[in-house]
Amino acid sequence: MENIIIEVKELNTYFDESHILKDVYLDIPRNAVTSLIGPSGCGKSTFLRTLNRMNDVIPTFKKEGTTLLDGKEIYDHDVDVVDLRKRVGMVFQKPNPFPKSIFENVAYGLRVHGNNDKKDLERRVEASLKEAALWDEVKDKLDDSAMGLSGGQQQRLCIARTMAVEPEVILMDEPCSALDPISTTKIEDLIHKLKNEFTIIIVTHNMQQATRVSKYTAFFLHGEIVEKGLTDKIFIEPEDKRTEDYITGRFG
Amino acid sequence: MISMPRIISPHHAQKIMNVVLWGVGFLAIVILIIIIGYILYNGLPQFSLEFIFGNPVGSGESGGIWPMIVSTFYVTFIALIVATPLGVLAAIWLAEYAGESNLVKAIRFAAETLASIPSIVFGLFGLTFFVVFLQMGFSVLSGGLTLALMAIPTILRTAEVSIEAVPQSYKEGSLALGASKWQTIYRVVIPAAIPGITTGIILGMARAIEETAAILYTVGAALAIPMSIWDPARPLPLHLYILATEGVSLPNAYGTAAVLVLIILIITISTNYLVEKYTKKMMGR
Ligand SMILES: Nc1ncnc2c1ncn2[C@@H]1O[C@H](COP(=O)(O)OP(=O)(O)OP(=O)(O)O)[C@@H](O)[C@H]1O
Ligand SMILES: [Mg+2]
């Protein structure tokens, strides 16, 4: 059996009365890329945001079931959300750098967690920007506002910002959907570079992207997981007719 | 599509509206320039070192207005250091913590009502509450606190609107990095809202600095430089009011008005410049 970092069992979530995720079971292998695919509104983002408890800010959100990170239930009362989000980072669909300098964007998570050592911050900011393949483009303008970067650069900055706090898991919600093809390629290359060190869960509407970047895939439909497993298997010989219809584009 | 008979084409309507809007904007600027120009035209000839830095002689027929300039800054400063933290903290609470209860609606309604109460009513309240009840007497403190009450709703409303305008995506980005709600507010939300908050403070200050009625009953009318917050004082608008209504000296009234106008112009223009510089730095270009 593989090394599983996240174990989801019997997960049901609700916004008020509307039942979004239904009896979801999913194991996420450590240090590999898992993609989540499925039509719009099927609950992919809700699933992702359950894993770092971002849904907690929505008052109507309710959750039942088990969500284990390294064997520990993340919704237990003794779990500190701050620690959880340090371990489980998130990159959003629309690049959302803070209106601060490039340096301060990457240093943000470290500062928030109490690191104010200038030398150490400089070192970590540089390392994260290099890891996110952005260093060469920004090393001469670290004090400039991050809002002046291109969309693709902003998204890599957001990835650098997330990596700076050294998470174990990175959740990516359609990280390339607002980007041009060249920036998309850069992000995909980045994911390849990171996949052995981090556990990455990526939501994508792009089937080619799923096959290019991920080892595992889960197909969501109306809040249920229809099929899951090795990406190659799912894309070459899906077991369920609905999966086949979706990946071949024969789907409303 | 069913096409409706039209009186004028959208293209023409657009053109007409352009002319109207430009015209209205232009008119507003012209009126402003005429008023400021008229005051400066009549007031600037009074300017001299003695007028700005001297003490008044008699009740202001001649001599200078230095004590009034000092009084103005003193009273306005008191108003701002009281009103800014209260207004901004209340705005943060309303925008980020309060939710939508009936109590919150009542508070918002109260703030809006407060903003539209005539200033003379604030003056009367200041007289009965600060001057008499709290025994602060006619003083810089009574006047400053009365002005603070007037400025709070302005600061609160502008700050609340600009805090609410900060995109949700900034907050989510911060929370996702493990920041607490309060860290998110003071590290991301407030810096992003600073231009709006500053504008609110300046609006509140402008309201305080040129206010006459609210200080008429609270600050006294002393001609000497106030040495402490317990001393009575005579800010510029009050001096102007007395000079003009009691027929002391019309030229000096214009001179005083010109000083007041210049102070306000300098403060607004320089803050505008700083806010723009800050925004540029924050948003890059
Ligand atoms: N804050 C919310 N309150 C109420 N309902 C919500 C909320 N957020 C999402 N939903 C509902 O939950 C369902 C799943 O939404 P979700 O965003 O998870 O879908 P998704 O699979 O990510 O879709 P997309 O591919 O379009 O991003 C949708 O029906 C949506 O309307
Ligand atoms: Mg989504």
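# Notebook: a look through chains A and B

I began at A:Asp70, which sits in the loop between strand E4 (61–69) and strand E5 (72–73) of chain A. Helices (H or I, at least four residues) and strands (E, at least two) are DSSP runs, numbered from the N terminus. A:Asp70 is not a glycine, yet I found a positive phi of about 50° there. Its relative accessibility is 38%, so I noted A:Asp70 as partly exposed. For these words I use relative accessible area: buried is under 20%, exposed is over 50%, and partly exposed lies in between (1.4 Å probe, protein chains only).

A note on the source: this is a predicted model, where local features need pLDDT of at least 70 and side-chain atom pairs count only at pLDDT 80 or more, while totals for chains, interfaces and linings use all residues. Residues are numbered from 1 along each chain as its sequence is written, chains are lettered from A and ligands numbered from 1 in the order in which they are written, and side-chain values use heavy atoms, leaving out hydrogens and water.

**Another positive phi**

I then turned to A:Glu10, a residue other than glycine with a positive phi near 50°. A:Glu10 belongs to strand E1 (residues 4–15) of chain A. With a relative accessible area of 45%, A:Glu10 is partly exposed.

**Cysteines**

How many disulfides are there over all chains? My search of the whole structure gave zero. A disulfide here is a pair of cysteine sulfur atoms within 2.5 Å. For A:Cys158, the nearest cysteine sulfur is that of A:Cys176, 12 Å away. Is A:Cys158 buried or exposed? A:Cys158 is buried, at a relative accessible area of 3%. A:Cys176 is buried too, at 8%.

**A threonine in chain A**

A:Thr184 is part of helix H7 (residues 181–194) of chain A. Its relative accessibility is 12%, so I put A:Thr184 down as buried. Leaving aside residues up to four places away in sequence, A:Thr184 touches A:Cys176, A:Leu179 and A:Gln209. A contact means heavy atoms within 4.5 Å.

**Chain B as a whole**

I counted 11 helices and two strands in chain B. Starting from the N terminus, the order is α-α-β-β-α-α-α-α-α-α-α-α-α. The C-alpha trace of chain B spans about 75 × 55 × 35 Å along its principal axes. Of the 285 residues in chain B, 44% are buried. Among contacts in chain B with a separation of 6 or more, 73% are between residues 24 or more positions apart.

**Nonpolar cores**

A nonpolar core is a set of buried Ala, Val, Leu, Ile, Met, Phe, Trp, Tyr and Cys residues joined through side-chain atoms within 4.5 Å. In soluble globular proteins, nonpolar side chains tend to be buried together. Which residues have the most contacts inside the largest core? They are A:Tyr108, B:Leu147, B:Ile163 and B:Ile197, in a core of 46 residues. Among the elements giving two or more residues to this core are helix H3 (102–112) of chain A and helix H6 (140–164) of chain B. H6(B) supplies the largest share, 11 residues. I looked up A:Tyr108 as well: not counting residues up to four places away in sequence, its contacts include A:Phe98, B:Leu177 and B:Val188. A second, separate core has 34 residues, including A:Val138, A:Leu149, A:Met163 and A:Cys176.
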